[in-house]
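Thanks for passing this one along.

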Amino acid sequence: MAIHLCTAMSIMLFIERVYMAIVITCAKCFEKKRYMKHKSDAMKEDLEQNRNYPMVLVQIPMYNEKEVYKLSIGAVCGLSWPADRLIVQVLDDSTTRFIRRLVVNECEKWKGKGVNVKYETRNNRNGYKAGALHEGLNKNYVKDCEFVAIFDADFQPDADFLLRTIPYLLENPELGLVQAKWKFVNADECMMTRLQEMSLDYHFSVEQEVGSSTCSFFGFNGSAGVWRIQALNDAGGWKDRTTMEDMDLAIRANLKGWKFLYVGDLEVQNELPSTFKAYRIQQKRWSCGPANLFSKMFKEILRSEHASLYKKFQVIYVFFVRKIIAHWVTLFFYCLVIPVIVVHPEIHLVKPLALYLPATVTILNAACRWRSIHLILPWILFNNAMCLHRANAVLIGLLGGSGVNEWVVTEKLGYALNRLRIPRTQEWQFMIDRIHLPEFLMGLNLMHTAVHDLMYGNQHFYAFLFMQGAAFITVGVSNVGIFIPN
């Protein structure tokens with residue numbers, strides 16, 4: 001049963017990956033990326049000559065962001081846009097008075113420089129980020145704004161960000177969202193951040209680019225994007241029913257007929273989690289949230305009156321394959337199928353389907369980032385070792401289990417400010433921060449299977465199983481990333 005499920009899921013993933021590989025290759029070879037077709041430069045010149053700038057709101061939601069609050073506030077306040085046509089809204093849900101005072105002082109500093117900064121705080125965290133963004137849009141001074149840009153607390157947009165995004169929205173009134181690419185300032189900090197960069201680069205350089213180039217559905221990444229406020233309101237505004245409020249909004253806006261544009265040559269700097277604890281928290285939210293949203297929106301998508309049957313199928317397929325199947329196929333293939341056929345060689349296995357397809361999918365995912373191509377083996381081993389954590393989060397999301405709507409903010413170390421003054425234990429030193437029993441036991445099981453294959457079997461998987469078992473054990477004892485002593 002596991003083999004048949006793995007084969008079916010692998011075929012679905014393989015079809016999508018090959019399709020995206022063909023599209024992105026054609027887009028690059030023939031320079032057919034969608035944002036290149038727009039006349040944004042002409043619109044930008046018109047703005048600068050006629051000074052006909054629209055009113056823009058920039059929201060910066062934050063929660064106890066002591067290490068990075070200066071980065072985002074400073075970068076946003078430095079945006080090249082007329083001061084009388086820009087409102088910077090700092091949405092501070094911090095629970096510590098000291099941090100709130102720091103943020104207030106930073107806002108007052110930029111107010112003194114002529115920037116229209118609004119500091120907003122709440123007595124509760126109802127709705128978490130979605131709740132803060134929703135309340136921010138309801139302020140009286142926002143009524144005249146046409147567009148809203150959103151940046152998380154560790155994001156640092158370049159000064160010309162609005163000049164390179166707003167013209168697209170002015171040129172095409174059917175455009176509801178312009179999404180920029182994320183660039184990671186600490187990608188070279190440790191092995192774990194390099195491997196994260198490989199995964200996320202595939203998402204931005206392939207998945208988002210293909211979705212935009214083919215005018216298909218792709219999601220809002222929650223930061224470094226500009227929304228047309230009319231589109232946001234038409235979609236029903238922010239909802240806090242899951243921890244993936246950004247994807248929730250994007251799906252509803254897309255089903256309403258609004259178009260999205262991804263600008264791949266516009267990068268916004270931000271920070272990757274460099275501690276394993278922070279990374280696990282982030283991955284749980286990124287895996288659990290979409291699955292929970294899928295369970296809540298499936299009927300809503302099918303009943304949508306404004307979307308065609310093809311668009312409904314496309315949204316559900318992308319949703320289901322990327323956010324649910326992708327995590328489970330790894331678990332079935334590497335943790336069930338291979339160990340079982342090693343111990344029970346009498347089980348018939350169609351290798352081209354059950355082995356080569358998942359392997360091809362994995363290689364297509366990793367081959368996008370050429371500067372890290374030599375890390376493809378560690379990337380495969382590490383992502384396989386995370387499959388238990390992600391698959392469990394998907395299951396919690398689908399079934400609405402305990403902690404499904406728990407929002408834990410990813411810890412940020414303020415790499416750009418603090419790399420010289422935070423004491424850090426080098427990643428190669430053996431530090432056991434916490435034992436994760438499922439991964440540790442899976443590692444022991446794969447080691448046992450490898451020994452069995454080496455001594456009695458004829459499948460010749462033992463080399464891979466030894467490495468994968470070691471990766472599971474390494475993840476199981478949290479000896480990954482950077483260790484920050486208390």
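The points below go from the sheet to the cores, the cysteines and a few single residues.

1. A word on the source before anything else: this is a predicted model. Please read every distance, angle and accessibility below with that in mind.

2. I would start with the sheet. It is open and has seven strands, in the order S3-S2-S1-S4-S6-S5-S7, and the pairing is mixed. Strand S3 (117-121) and strand S7 (259-270) sit at the edges, each pairing on one side only. From one strand to the next, the twist averages 20°.

3. S4 and S6 run antiparallel and are joined by four bridges; Phe147 has Arg228 in S6 as its bridge partner. S5 and S6 are also antiparallel, with three bridges between them, and here Val178 stands opposite Val226 in S6. Strand S5 (residues 175-184) then pairs with S7 in the parallel sense, over nine bridges. If you want a place to check that pairing in the viewer, Phe184 has Asn270 in S7 as its bridge partner.

4. Which way do the residues of strand S6 point? Gly225 and Trp227 point one way from strand S6 (residues 225-228), while Val226 and Arg228 point the other way. All four of these residues are buried.

5. Helix H3 (residues 69-77) lies across strand S1 (56-62), strand S2 (86-92) and S3, and runs at about 175° to S1. Helix H4 (residues 97-111) packs on the sheet too, touching S1, S2 and S3, and its direction makes about 160° with that of S3.

6. Now the nonpolar cores. The largest has 92 residues, and the members that touch the most other members are Ile73, Trp227 and Ile251. Apart from that core lies another, of 46 residues, including Met192, Phe276, Ile341 and Ile380. In general, nonpolar side chains of soluble globular proteins tend to be buried together.

7. How many disulfides does the model contain? The count comes to zero. Cys145 shows why: the closest cysteine sulfur, in Cys77, is 15 Å from its own sulfur, which is too far for a bond, given that a disulfide needs the two sulfur atoms within 2.5 Å. Cys145 is buried, with a relative accessible area of 7%. Cys190 is buried as well, at 5%.

8. Asp152 is worth a close-up. This residue is found in the loop between strand S4 (147-150) and helix H6 (166-171). Its side chain makes a polar contact with the side chain of Lys129, at 2.9 Å. Leaving aside residues up to four places away in sequence, Asp152 touches Ile60, Pro61, Ser72, Lys129, Gly222 and Ser223.

9. Is His327 buried or exposed? His327 lies in helix H11 (residues 309-343), and its relative accessibility is 16%, so it counts as buried, the cut-off being under 20%. Not counting residues up to four places away in sequence, His327 touches Ser287, Arg322, Cys387, Arg390, Ala391 and Val394.

10. My last stop is the loop between helix H14 (387-399) and helix H15 (415-418), where Val408 lies. Val408 is partly exposed, with a relative accessible area of 32%. Its contacts, residues up to four places away in sequence not counted, are Ile281 and Arg285. The C-alpha atoms of Val408 and Tyr63 are separated by 10.0 Å, although the two residues are 345 residues apart along the chain. Gly403 has its place in the loop between H14 and H15 too, and counts as partly exposed at 28% relative accessibility. For Gly403 and Ala253, which are 150 residues apart along the chain, the C-alpha separation is 27 Å.

Methods
Residues numbered from 1 in each chain as written. Predicted model: local features only at pLDDT ≥ 70, side-chain atom pairs only at ≥ 80, totals over all residues. Heavy atoms only, no water. Core = buried A, V, L, I, M, F, W, Y, C linked by side-chain atoms within 4.5 Å. Buried < 20%, exposed > 50% of the residue type's maximum accessible area, 1.4 Å probe, protein only. Helix = DSSP H or I, 4+ residues; strand = E, 2+ residues; numbered from the N terminus. Polar contact = N/O pair within 3.5 Å; in protein donor to acceptor, adjacent residues only side chain to side chain. Contact = heavy atoms within 4.5 Å. Pairing = 2+ DSSP bridges. Axes fitted to C-alpha atoms, helices over the stretch in contact; angles between N-to-C directions.
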